[in-house]
Amino acid sequence: VDARYAFRQPLVKDILYESQPFDSRRELHSQLAAYLAAPASQRRSIQNKLADQAGNTSADSPTEASERIAYQYAMAHQWVKAAENYYEAGTSVCNLGNFSGAIQFYQSGLEALDKAETKDQRVLSSLRRQLLAGLGDMAMMTKDYRSALTAYQAAYGEENHENVTTQRIELATRFALALVLNDRSGEAENI
């Protein structure tokens, strides 16, 4: 957040925030998340007006933007959209070499999915698989092979076993590698 728009006293911010009715807060978070998630071209005119009034503002990095959007969707109780943006933030920080940050974002995404209420279980399952595979990848990068095995095994369990896809083959390969690294090569042959 731009320092010019931040509260100098966190207690004042907390009091003002908590004094708003919950439904009102949730709606405002939802509107802000939708605005932040919109393509930059749609936001540019508003940003230019703000910049004219307050001077130049620094743009968010893709990671900061995804994290901010995820937070707003979580506060609006739009758990699937929050999880999608936590996944994007995790992938972004992973690409920067921040594996512990990626783990935190992936875990936040899984926590959001645990709260999601949707009838389309395929969406939840697919997103959960992506988040778990990301956790497995980060565990492999940090040489935590036991955690990698746990994450890949859970991700593999989320797969639709009727469709053999490239993603499923890649996940099976990661799972088998984690089994071998955990001295369970006999099980890897059965995948």
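Buried means under 20% relative accessible area, exposed means over 50%, and partly exposed lies in between (1.4 Å probe, protein chains only). The model is predicted, so local features need pLDDT of at least 70 and side-chain atom pairs count only at pLDDT 80 or more, while totals for chains, interfaces and linings use all residues. Residues are numbered from 1 along each chain as its sequence is written, and side-chain values use heavy atoms, with hydrogens and water left out.

**Exercise 1. Overall architecture**

Task: State how many helices and strands the protein has, and what share of its residues counts as buried.

Solution.
- Step 1. Helices (H or I, at least four residues) and strands (E, at least two) are DSSP runs, numbered from the N terminus.
- Step 2. The secondary structure comes to ten helices and zero strands, and the pattern along the sequence reads α-α-α-α-α-α-α-α-α-α.
- Step 3. The protein has 191 residues, of which 35% count as buried.
- Step 4. A contact means heavy atoms within 4.5 Å. Among contacts between residues at least 6 apart in sequence, 51% join residues at least 24 apart.

**Exercise 2. The setting of S30**

Task: Determine whether S30 is buried or exposed, and which residues S30 touches beyond its sequence neighbours.

Solution.
- Step 1. S30 is located in helix α2, which spans residues 22-37.
- Step 2. The relative accessibility of S30 is 17%, so S30 counts as buried.
- Step 3. When residues up to four places away in sequence are not counted, S30 touches A76 and Q78.

**Exercise 3. Salt bridges**

Task: Give the number of salt bridges, and describe the pairs formed by D114, D137 and R184.

Solution.
- Step 1. A salt bridge is a side-chain nitrogen of Lys or Arg within 4 Å of a carboxyl oxygen of Asp or Glu. The count by this rule is four salt bridges.
- Step 2. One of them joins D114 to R128, with the closest N and O atoms 3.4 Å apart. This pair links distant parts of the chain, with D114 in helix α6 (residues 99-115) and R128 in helix α7 (residues 121-141), 14 residues apart. D114 is exposed at a relative accessible area of 61%, whereas R128 counts as buried at 18% relative accessibility.
- Step 3. D137 forms a salt bridge with R174, and their closest N and O atoms are 3.5 Å apart. D137 lies in helix α7 and R174 in helix α9 (residues 166-181), so the pair ties together parts that are 37 residues apart in sequence. D137 counts as partly exposed at 23% relative accessibility, and R174 counts as partly exposed at 29%.
- Step 4. R184 pairs with E187 in a salt bridge, the closest N and O atoms being 2.7 Å apart. R184 is partly exposed, with a relative accessible area of 29%; E187 also counts as partly exposed, at 39% relative accessibility.

**Exercise 4. Packing of α7 and α9**

Task: Describe how α7 and α9 pack, and which residues meet.

Solution.
- Step 1. Two packed helices are described by the angle between their axes and the distance between the axes. Axes are lines fitted to C-alpha atoms, for helices over the stretch in contact, and angles run from 0 to 180 degrees between N-to-C directions.
- Step 2. For α7 and α9 the angle is about 40°, and the axes are 11 Å apart.
- Step 3. Angles under 35 degrees count as roughly parallel, over 145 as roughly antiparallel, 65 to 115 as roughly perpendicular and the rest as oblique. The two helices α7 and α9 are therefore oblique to each other.
- Step 4. In α7, R129, A133, D137 and M140 meet Q167, L171, R174, L177 and L181 in α9. The residues of this contact divide into five nonpolar, one polar and three charged; Ala, Val, Leu, Ile, Met, Phe, Trp, Tyr, Cys and Pro count as nonpolar, Asp, Glu, Lys and Arg as charged, and the others, Gly among them, as polar.

**Exercise 5. Two loop residues with positive phi**

Task: Locate H77 and D183, and state the phi of H77 and of D183.

Solution.
- Step 1. H77 is in the loop between α4 (62-75) and α5. Although H77 is not a glycine, its phi is positive, at about 60°. H77 counts as partly exposed at 34% relative accessibility.
- Step 2. D183 is in the loop between α9 and α10 (185-188). D183 is not a glycine either, yet has a positive phi of about 55°. With a relative accessible area of 74%, D183 is exposed.
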